[in-house]
Amino acid sequence: MMCDCTLSEQEQLILDGIAGKPNPYAEKHPRLYRLVAAFEGKKPHIDVERALLFTESMRETEGELLVLRWAKALKHIGENMTVYIDDDQLLAGRCGKQGSRYGILYPELDGDYQAAALKELPGHEASPFIVSAEDAKAVEDVITPYWKDKTFHQDLNKRMDPASHRIAYADEGGYISRYICCETASNRSSLQWCLDWERLFKMGFKGIKEEAEAKLAALDPDNPLDQSEKRPYLEAIVTLCEGIVIWAHRHANLAREKAAKEENPQRKAELLAIAANCDWVPENPPRTFYEAIQAHWLTQAFARLEQKISSNPTNGRMDQIFWPYYQKDLAEGRIDEEKAIELFQCMWASMAQCLDLAITPYNKATHEGYSHWEAVTIGGQTRDGRDATNDLSYIILRSKRECPLHYPDLAARVHSRSPERFLTAVAETIKQGCGYPKLLNDDEIIPLHLAKGAPMEDILDYAASGCAEIRMPRVDTYTSGHAQMNFGAAVELVLYNGRMKKFGNELLTVETGDVRTFKTWEEFWNAYAIQQNYLMRHAFMQQYHIIKTRAQHFATPLSDSLHVLAMKECVDLHQDHHYEGGLDLGFFECLGYSTAIDSLSAVKKLVFEDKKLTMQELLDALACDFEGKEDVRRMLQSAPCYGNNDDFADSIGLAIDKLAEDFSKKYSPSLGIKCDFRMVPFTSHVPFGRVVSATPNGRKAWTPLSDGSSASHGADINGPTAVLLSNFNTKNYNMFQRAARLLNIKFTPSCLAGKEGTRKLVSFIRTFVDLRLWHVQFNVINRQTLINAQKDPQKYRGLIVRIAGYSAYFTELSKDLQDDLIARTQHEQV
């Protein structure tokens with residue numbers, strides 16, 4: 001069934017493609033579309049070369065300081081890993097196989113599990129990978145035996161206390177998550193990270209190497225700390241700089257070899273230009289826009305080889321860091337807007353091929369659609385507080401609008417003084433329907449971080465990082481992953497006295513009493529508070545062990561080399577160490593915030609206040625998943641719900657938020673960090689929902705929980721502005737123990753059609769800014785299009801949707817997540 005309605009530009013382009021009509025952007029950007037055609041629609045492959053070389057080096061360096069071992073492994077990779085330059089590419093640098101999308105392995109994380117996981121990945125419903133028999137054998141025979149009993153995952157699993165382990169894992173080995181309160185740190189070696197790109201462009205790795213050599217020469221030969229820790233650290237920086245320069249020069253040599261064989265004079269010239277660029281950068285500071293783009297890409301590609309940075313390293317404020325080079329080249333006639341877009345799109349195509357490889361069952365379930373957070377940030381403010389929008393802000397927006405890929409993720413910083421022209425361009429890009437840019441609000445983020453101790457200049461210069469977080473490249477110093485808590489489960493644990501139907505009669509937490517004996521709402525709320533606090537207690541216990549364990553398993557000499565504080569103190573960023581002038585900003589995650597609010601609201605209203613239901617009647621309806629009890633379900637769904645600017649429901653959300661922030665305020669100092677309350681689900685709300693039975697808000701058993709700080713599906717009936725107001729109402733503005741709240745809004749294309757629709761969306765964005773909310777992102781799509789794509793995925797394989805802090809191809813998601821997207825409230829008015 002075709003959609004007889006107003007279409008987004010993306011929907012129209014897809015239908016035109018089905019009808020055989022040409023894509024106007026393909027005609028405008030032929031190089032990009034040729035690059036995409038080489039890998040589009042192909043199932044990605046696993047490349048094991050990085051893992052083999054890394055393992056080979058680590059075997060040879062046992063007993064040395066970890067950061068030096070890591071640097072030697074990276075140099076070994078730089079010297080020996082196969083180098084590639086794709087046909088039609090203007091940039092050199094790949095981390096894996098040519099001719100398809102690819103993922104690489106990090107055995108230091110989960111090498112004990114990889115051989116088993118590779119047997120399952122090709123047939124996985126969401127985010128599958130292909131692995132050759134030869135590569136699978138190499139993992140089984142070479143990689144797994146070395147890393148057995150050496151991985152971070154195994155070490156963390158052994159250290160966790162029994163009570164924390166019980167609600168984190170369903171098996172003794174810690175491979176299967178219970179999705180109640182579970183750590184995420186064993187799925188990546190670092191939080192999503194932003195390198196200091198300005199330091200790279202100012203110094204190049206030659207300058208950084210010289211800085212390290214000067215520090216080495218100044219060490220006190222009689223000081224045991226200097227000789228035992230600082231010397232090998234600085235030797236690691238020197239080694240790392242040598243390794244990435246060797247890697248770049250090998251690409252230069254390959255480009256010259258290919259140029260010598262090339263008969264097409266235009267391509268020959270392109271290859272020689274690539275060779276010249278790689279001869280110069282990233283060893284030296286870039287002199288041109290083209291060199292800056294190449295330096296950036298080679299460095300972030302090498303960062304992907306260094307470690308698994310929660311998907312990928314973020315790209316930083318590209319409209320700011322590239323602006324001086326663009327201005328200079330434009331003035332000197334070396335570049336124009338079209339050439340700048342072509343170079344950006346060559347980078348976008350390179351990013352789109354290097355995918356995050358989800359190995360563990362938890363990671364596969366919570367990071368669907370080949371999750372990626374290599375955010376490009378545009379807009380915002382300068383370090384002296386002026387609006388930062390420039391011509392590159394608009395060029396990057398255009399490069400994304402005219403690109404068929406959902407890479408890279410795009411974030412626009414907005415504030416009360418954002419120019420109307422910029423917000424209009426942002427709105428027009430959102431209306432296209434691909435889910436970007438996501439919006440980050442300076443008017444919330446900057447004052448909040450000032451309260452946490454951030455220097456003014458640095459927080460003014462923040463970059464988007466991860467789903468909805470931010471980074472200050474010169475100030476952020478905390479890299480440890482975090483724990484996720486299931487607040488839907490907290491409600492169920494109250495109802496069943498510390499137990500959950502999914503896990504039978506096992507006591508999972510603590511008994512808070514038989515709810516049928518509760519006489520007042522206060523008794524029920526107090527029981528909920530005990531269950532939520534129990535989950536937070538074990539989230540913090542897990543975090544303590546994560547912090548202590550990671551320092552023995554991970555190092556990051558590349559990130560160190562580009563971090564002024566790490567270089568100043570000669571301490572690796574993955575160590576449990578506080579840097580003078582640094583901020584250790586961590587967080588813990590809530591899943592099912594709206595599910596919990598609406599469930600508690602229904603219990604308070606219908607059982608204790610209006611007494612329309614007894615507790616036994618509620619439990620009976622939940623026990624049968626509302627089968628034959630549809631009248632009870634409708635009554636529960638009619639109770640006040642979050643997302644409607646309703647004080648009854650929102651006051652419960654405010655109380656949940658305060659409960660979490662109070663816990664953080666009291667116990668974060670024990671961890672030595674700021675461990676703040678965050679609501680960013682990835683795609684975790686789907687598997688976390690699979691362990692939660694029917695809830696008092698009318699949600700059916702085993703279905704997804706609410707996501708982020710969004711309303712429960714279908715509960716937000718008073719329009720999108722009411723959703724913003726509920727977010728505002730449920731934040732404790734007198735506290736600062738909070739981090740990001742991810743908010744999804746879904747519009748029909750018809751309500752944003754034309755200039756009037758753009759004006760309405762700009763006005764909505766300004767309301768979001770005025771309310772000082774952290775984040776918002778949009779899907780602009782018709783429900784029927786999603787249904788059609790689910791039924792005929794081949795025709796709609798290019799359909800891009802926003803899921804959880806990143807965009808993905810709809811047809812590469814599991815059916816559960818597809819259904820979740822279809823079920824989200826579709827607002828037809830702004």
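**Stop 1: the second largest pocket**

Start with the lining of the second largest pocket: by class it has eight nonpolar, twelve polar and seven charged residues. You are looking at a predicted model. Select Gln-637, Asn-697, Ser-712, His-713 and Gly-714; of the 27 lining residues, these lie nearest the pocket's centre. The space here comes to about 490 Å³.

Which helix gives the largest share? Helix 34 does, with three residues.

**Stop 2: Ser-594**

Stay with helix 26 and pick Ser-594, which has its place there. Its relative accessible area is 0%, so Ser-594 is buried. Show what surrounds it. Not counting residues up to four places away in sequence, Ser-594 touches Tyr-642, Ser-706, Ser-710, Ala-711 and Ser-712. One of these, Ser-712, you have already selected among the residues nearest the centre of the second largest pocket.

Next, draw a distance from Ser-594 to Gln-552. The two are 42 residues apart along the chain, and their C-alpha atoms are separated by 38 Å.

**Stop 3: Arg-678**

Move to strand 12 (residues 674–679), where Arg-678 sits. Is Arg-678 buried or exposed? Its relative accessibility is 4%, so Arg-678 counts as buried. The cut-off for buried is under 20%.

Display its contacts, leaving aside neighbours within four places in sequence. Arg-678 is in contact with Glu-469, His-482, Phe-587, Phe-588, Glu-589, Cys-590, Ala-739 and Ala-740.

**Stop 4: the largest pocket**

Now go to the largest pocket, with a volume of about 990 Å³. It is lined by 43 residues; select Glu-40, Pro-404, Arg-797, Gly-798 and Tyr-809, the closest to its centre. By class, the lining has 21 nonpolar, ten polar and twelve charged residues.

Colour helix 1 (9–18) and helix 3; each supplies at least two residues of the lining. The largest share, six residues, comes from helix 1.

**Stop 5**

Two packed helices are described by the angle between their axes and the distance between the axes.

Which residues meet? On the helix 3 side, select Arg-31, Leu-32 and Leu-35. On the helix 16 side, select Glu-342, Gln-345, Cys-346 and Ala-349. By class, this contact has four nonpolar, one polar and two charged residues.

**Stop 6: Glu-79**

Finish in helix 5 (residues 66–80), where Glu-79 is found. Its relative accessibility is 37%, so Glu-79 counts as partly exposed. That class runs between the 20% limit for buried and the 50% limit for exposed.

Show its contacts, again leaving aside neighbours within four places in sequence. Glu-79 is in contact with Ile-246 and Arg-250.

Notes:
Residues are numbered from 1 along each chain as its sequence is written. This is a predicted model: local features need pLDDT of at least 70, side-chain atom pairs count only at pLDDT 80 or more; totals for chains, interfaces and linings use all residues. Side-chain values use heavy atoms; hydrogens and water are left out. Contact means heavy atoms within 4.5 Å. Helices (H or I, at least four residues) and strands (E, at least two) are DSSP runs, numbered from the N terminus. Ala, Val, Leu, Ile, Met, Phe, Trp, Tyr, Cys and Pro count as nonpolar, Asp, Glu, Lys and Arg as charged, and the others, Gly among them, as polar. Buried means under 20% relative accessible area, exposed over 50%, partly exposed in between (1.4 Å probe, protein chains only). On a 1 Å grid over the protein atoms alone, a cavity is a set of points where a 1.4 Å probe fits but cannot get out, and a pocket is an open set with protein on both sides within 12 Å along at least five of seven lines; lining residues have an atom within 4 Å of a point. Grid points are joined across faces, edges and corners, and a volume is the space filled by probe spheres set on the points.
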